[in-house]
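Please keep the sequence and the three-dimensional view at hand while reading.

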Amino acid sequence: MSSIKQVINDAVEKGEAVFELVEISSASMRLSFDQVRQPNPIRLRDLIRQIRSAKTAAEERAVVNRECAYIRLTFREEDSVWRCRNVAKLLYIHMLGYPAHFGQMECLKLIASPRFTDKRIGYLGAMLLLDERQDVHLLITNSLKNDLNSSTQFVQGLALCTLGAIASPEMSRDLAGEVERLLKSSNAYIRKKAAVCALRIICRVPELMEMYLPATRSLLSEKNHGVLITGVTLITEMCRQSPDMLAHFKKIVPNLVRILKNLIMAGYSPEHDVQGVSDPFLQVKILKLLRILGCGDSEASETMNDILAQVATNTESSKNVGNAILYETVLSIMDIKSESGLRVLAINILGRFLLNADKNIRYVALNTLLRVVHADNSAVQRHRSTILECLKDADISIRRRAMELCFALINGNNIRTMMKELLTFLEKAEPEFKASCSSKCVLAAEKYSPNVRWHIDTLLKVVEAAGNHVPDDVVSSTIQLISETRTEQAYAVGELWRHLSIAQMEYQPMIQVATWCIGEFGDLLLSGHADVTVVESELIDIYQKILWSSQCSITTKEYALTSLMKLSARLTHEIGSIQQVVSAFGSHLNIELQQRGIEYSQLFTRHNHMRGPLLERMPPFEGTRAGTEQDKATITNGVDTPLDNESLLNDLTSPNNNAHETSESNALLDLLGGMEPGDSDTIKSTSTSISLTVASTPSVNADILDLLGGLDSGPAASVPTTNMNEAPPTQLPNSSNAAYLLDGLLNNSTPIISSPSSPVTNSAGTIPTSNSIYPLVLQKSSIPGITAYDKNGIRLDMAFELQETLITINLIASNNTGAQVTDFLFQAAVPKVPLRMRIKLSWLANGSPVQDQGEISNFPSALWQ
Amino acid sequence: MMHYLLIASKSGNIQFSHYFTYITPSSRTPIEARVITKCLGAEKDACHFLEDGDHTLIFRWFGPCLFIVAADHTENEIMIYEFLSLYVGALHRYFGKFSERHVLLNIDRLHMVLEEMVVGGELVESSIRNALTPIQVLDTVSSR
């Protein structure tokens with residue numbers, strides 16, 4: 001008993017953290033030890049036991065605080081014997097989340113200690129507790145230097161390990177030479193660690209890369225796999241960072257091929273074998289390096305073709321490591337300039353992965369297919385059915401990848417089947433998917449729909465399936481499509497009526513689309529063209545339900561109210577009840593609805609003679625829908641027009657003029673010029689009667705109209721795909737009365753022109769809309785152009801054309817940031833006089849949002865003379 | 001490269017953490033909590049690769065312990081999955097038989113074995129025997 005105690009005491013004297021003490025203690029032994037009033041700090045193990053046995057958080061905190069206080073005390077007493085153990089305990093406490101910064105200096109002292117166990121804990125503490133922002137960090141440098149020169153390989157290894165983990169730029173510069181020397185050491189253990197250390201150093205201080213170049217040459221002729229792995233990783237990092245290095249290392253491709261070949265061909269080697277594959281980790285690293293070296297280089301790629309084919313065919317795919325290697329091989333094949341046979345082989349491997357029961361493999365396969373689908377579409381098409389199956393998988397990551405892949409695979413031939421599957425998917429999808437899925441469905445339908453009826457059907461199904469998560473451009477796309485195709489209007493409105501009569505009031509987009517269409521084409525509905533029999537009173541009932549439902553949003557009610565008004569011109573019997581409903585809204589709490597209610601009621605009373613012609617059918621929208629023009633770049637529409645503005649713009653582009661007194665239209669145009677928010681409502685309902693006479697209007701109106709016209713007949717993805725947001729007209733703060741917010745759309749980072757609008761003329765009627773993107777040519781004009789805005793890398797140039805009283809403004813936005821710009825949104829408001837423009841811009845540069853607003857007042861004076 | 005390795009229990013408590021890139025101690029706890037909840041929420045046969053910000057999370061259950069590694073998007077996820085297996089294999093060889101108890105009581109050993117295999121987030125040694133040799137030598141030396 002006493003001799004055992006002696007042994008323990010000896011061990012304890014030596015200052016060991018008593019972790020690895022063989023469990024010689026029997027229960028009684030431990031008991032007797034513990035019973036003695038110990039002057040020594042408790043072991044880490046005991047601390048852990050104490051903390052774990054604490055039943056409440058408060059108890060645990062108490063234990064930890066007590067121990068921390070004790071540790072702090074011993075640190076102050078500069079006790080070197082137990083320092084090691086105390087720091088170990090401190091590290092554990094730190095891991096639990098308690099503050100442990102007072103241990104930093106102690107780590108330093110431990111590092112400086114000659115005892116190995118002290119050093120070990122000290123370096124571990126340094127790694128976990130210190131970071132380069134603290135001053136203590138620099139103090140380690142000296143210890144590190146000494147230890148790097150130590151005679152014991154383990155001490156050197158320890159120092160290299162720590163340096164590799166926490167190297168700061170200053171430290172790297174100081175110690176780079178030492179590391180380089182150790183890279184050439186005769187000891188493989190040291191070489192291995194030195195290589196990783198060098199890797200970190202060049203990550204922190206790229207200029208030091210050249211220093212390590214000579215040493216790397218020999219790293220590849222190693223036998224030791226550890227050194228090989230780190231050597232390959234080091235070279236990979238060098239190639240990644242510097243193109244010169246990349247060119248330099250191209251010549252080692254044959255070496256790499258040889259090593260890989262040896263690995264595969266070599267027999268069983270017990271120390272490197274994992275599940276029957278010889279050192280898969282090294283294989284994967286080499287494949288990665290081959291990928292980087294072969295990317296874009298046909299000569300290097302040719303050298304690799306054989307070995308890649310060999311790996312791809314010989315590797316066992318029944319085990320997970322085999323799959324890991326195959327995955328890396330596939331990535332490499334796809335990235336280098338491999339021959340087509342090899343590519344097909346790679347895609348077939350991915351196809352096999354898709355059928356694998358293991359979800360991880362499937363996820364990885366879908367991920368990779370997504371990357372290659374643009375390059376090798378036909379090859380991937382073969383696996384389409386499997387991918388469609390994955391849409392129904394239980395795992396959310398797989399579903400998400402499968403969805404994206406499906407959209408990439410859609411083409412004219414398979415659109416029907418794909419869309420069917422995707423719609424089923426959309427119905428059951430999570431809300432975060434529904435928005436993106438529905439817009440992509442719309443885009444796809446836009447591009448590839450075989451006929452219009454199918455298109456309309458699909459859009460309706462999308463709106464229905466996506467519920468409330470439909471992005472606003474889908475609603476407007478649907479409406480626009482229906483208004484464009486005369487032949488299908490009856491069918492569409494019939495379908496919508498069917499949906500509406502059974503609809504839940506909570507799905508706004510569907511109700512919005514339905515009410516709009518029924519309002520427009522209600523006569524078709526009632527006359528029986530739409531294959532449904534509807535009685536007028538049924539219609540009114542539904543409308544009442546919508547208008548008084550608490551689940552319908554204000555926007556939906558706005559839609560409904562307007563459409564009800566339109567119906568008053570289409571129905572014959574129920575006009576009185578419509579009038580009642582509308583006038584009831586005159587006292588609604590919501591300002592917008594109240595305004596509409598009152599103004600519409602006016603239409604029944606004072607302007608009853610106007611009501612019929614006013615509410616006639618709207619002409620088809622002239623603008624284009626999202627997706628018709630732009631295929632390559634992804635366009636994000638950032639138009640923020642409220643509903644009334646949108647239809648206002650559409651109204652203005654309507655080509656027709658009814659026989660109306662110019663006085664009326666002028667009055668309306670004046671209102672346009674004034675642009676009170678209230679006016680826009682009135683104008684909205686006077687859809688067809690606005691004659692776009694501008695000859696007699698002040699130039700300001702012309703400007704506005706031109707801007708409106710120009711914007712509306714803009715390039716693809718423009719106005720009609722406006723968001724029917726609830727956003728009120730963005731009144732800029734200090735232009736209270738006369739600012740009318742117009743929205744233009746400028747997309748992407750490529751300079752595009754908003755197409756020059758032809759002058760908005762009178763009787764000619766139609767505004768020729770430009771549906772194509774004009775080449776970047778500014779028409780010569782006598783009026784000097786201006787640079788409207790040039791900040792943050794975005795530049796807006798304006799060019800002007802003046803024809804009599806019509807002003808055309810061409811706006812070019814260019815991206816000079818060098819980074820990708822998305823979600824570009826340009827909003828402008830033009831107050832009456834004098835001619836100036838308040839603009840507001842926002843965009844995403846490399847993912848981070850930028851916003852700016854300003855005023856353009858440097859319009860050339862020639863414009864308003 | 002790998003950013004950190006965590007071991008958590010079934011109830012979500014953190015039992016071991018090793019960071020290869022420095023993250024301030026105060027922000028470690030929320031990150032750990034978030035990551036562990038995400039991984040605990042996954043079903044048994046679901047995909048073991050999740051996303052957390054710009055890291056990919058690879059997690060694996062070994063008995064009652066959940067091992068989580070956060071790595072860059074450029075890493076081969078299956079390889080890291082296998083690495084976890086390798087690491088646990090090494091621990092198994094070192095301790096003779098590896099159980100949750102060993103995780104709890106031998107945190108420093110875990111750090112050391114891990115350091116032998118991964119330095120600065122990059123794999124250094126793929127052979128268990130080579131990784132354990134230095135530690136075993138030192139153990140015998142210091143216990144004498």
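A patch is made of residues with over 30% relative accessible area and no salt bridge, and like charges are joined within 9 Å. Asp and Glu count as negative. The model considered here is a predicted one. On its surface, Glu299(A), Glu302(A), Asp306(A) and Glu339(A) form a negative patch. One of these residues, Glu299(A), is placed in helix H17 of chain A, which covers residues 298–314. Glu299(A) has a relative accessibility of 65% and therefore counts as exposed, because the term applies over 50%.

Over all chains, the structure holds 40 salt bridges. One of them joins the side chains of Arg240(A) and Glu237(A), with a distance of 2.8 Å from N to O. How far apart are Arg240(A) and Glu237(A) in helix H13? The two are 3 residues apart in this helix (residues 225–241 of chain A), so about one helical turn separates them. Arg240(A) is exposed, its relative accessible area being 57%, whereas Glu237(A) has a relative accessibility of 10% and counts as buried.

Another salt bridge brings together the side chains of Glu122(B) and Lys285(A), at 3.3 Å from N to O. This pair crosses between chains: Glu122(B) belongs to strand E7 (residues 122–123) of chain B, and Lys285(A) belongs to helix H16 (residues 280–294) of chain A. Are Glu122(B) and Lys285(A) buried or exposed? Both residues are buried.

Within chain A, the side chains of Asp393(A) and Lys359(A) also meet in a salt bridge, for which the N to O distance is 3.7 Å. Asp393(A) lies in the loop between helix H22 (384–390) and helix H23 (396–409), while Lys359(A) lies in helix H20 (residues 359–372), so the pair ties together parts of chain A that are 34 residues apart in sequence. Asp393(A) is buried, with a relative accessible area of 9%. Lys359(A), at 11% relative accessibility, likewise counts as buried, because the term means under 20%. Salt bridges can also be linked to one another: Arg43(A), Asp46(A) and Arg49(A) are joined in a network of them.

The partner chain in the crossing pair may now be viewed as a whole. Chain B has 5 helices and 7 strands, and along the sequence these elements follow the pattern β-β-α-β-β-β-α-α-α-β-β-α. Chain B consists of 144 residues, of which 67% count as buried. The accessible surface of chain B comes to about 5,000 Å², and carbon and sulfur atoms account for 56% of that area.

How do contacts in chain B relate to the sequence? Among contacts between residues at least 6 apart in sequence, 48% join residues that are at least 24 apart. Ala33(B) is found in helix H1 of chain B, which covers residues 25–41. At 43% relative accessibility, Ala33(B) counts as partly exposed. Ala33(B) and Ala8(B) are separated by 25 residues in sequence, and their C-alpha atoms are 9.9 Å apart in space.

How values were computed. Residues are numbered from 1 along each chain as its sequence is written. Chains are lettered from A and ligands numbered from 1 in the order in which they are written. This is a predicted model: local features need pLDDT of at least 70, side-chain atom pairs count only at pLDDT 80 or more; totals for chains, interfaces and linings use all residues. Side-chain values use heavy atoms; hydrogens and water are left out. Patches are made of residues with over 30% relative accessible area and no salt bridge: like charges are joined within 9 Å, nonpolar side chains (Val, Leu, Ile, Met, Phe, Trp, Tyr) within 5 Å. Accessible areas come from the Shrake-Rupley method with a 1.4 Å probe; for residues, only the protein chains shown count as cover. A salt bridge is a side-chain nitrogen of Lys or Arg within 4 Å of a carboxyl oxygen of Asp or Glu. The place of a charge is taken as NZ of Lys, CZ of Arg, CG of Asp or CD of Glu. Helices (H or I, at least four residues) and strands (E, at least two) are DSSP runs, numbered from the N terminus. Buried means under 20% relative accessible area, exposed over 50%, partly exposed in between (1.4 Å probe, protein chains only). Contact means heavy atoms within 4.5 Å.
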